[in-house]
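Let's take a friendly walk through this model, one stretch at a time. Keep the structure open beside you as you read.

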Amino acid sequence: MTITIVLEGEAAEIVEQQIAEGRYPDAESAVTAALMLLEDSAMDWGNVDADAVRRMIAESDAEGGEIPFEEVTRRLAAKADTRQR
């Protein structure tokens with residue numbers, strides 16, 4: 001799915017500044033990062049299982065790679081849902 005947005009005023013200036021400072025290569029990357037932060041702020045970190053996080057880190061290290069942040073938050077949210085039931 002493709003979504004086209006128009007940023008004006010302060011929002012556009014923030015994105016332009018982030019690109020100019022080299023934090024992001026383009027507007028899409030900057031907006032995507034902002035949306036991920038928004039999603040992250042909505043997560044209830046009080047229900048995060050620290051042992052589950054440690055296991056995921058160990059699993060990632062053992063595989064020699066990374067687990068994408070989206071996958072980590074998906075797994076933690078699923079685990080929190082299971083504990084609340």
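**A guided tour**

Q18 has its place in helix α1; helices here are DSSP runs of H or I with at least four residues, numbered from the N terminus. This is a predicted model, where local features need pLDDT of at least 70, side-chain atom pairs count only at pLDDT 80 or more, and totals for chains, interfaces and linings use all residues. Residues are numbered from 1 along each chain as its sequence is written, and side-chain values use heavy atoms, with hydrogens and water left out.

Is Q18 buried or exposed? Its relative accessibility is 18%, so Q18 counts as buried (buried means under 20% relative accessible area, exposed over 50%, partly exposed in between, with a 1.4 Å probe and protein chains only). Leaving aside residues up to four places away in sequence, Q18 touches R23 and Y24, where contact means heavy atoms within 4.5 Å.

Now turn to helix α3. Which residues of α3 are buried? They are A52, M56 and S60. Seen down the axis of α3, these buried residues fall within an arc of 75°, so they line one face of the helix; the arc is that of the directions from the helix axis to the C-beta atoms. On the other side of α3, R54, D61 and A62 are exposed. Just after α3 comes G64, with a positive phi of about 75°.

Notes. Helices (H or I, at least four residues) and strands (E, at least two) are DSSP runs, numbered from the N terminus.
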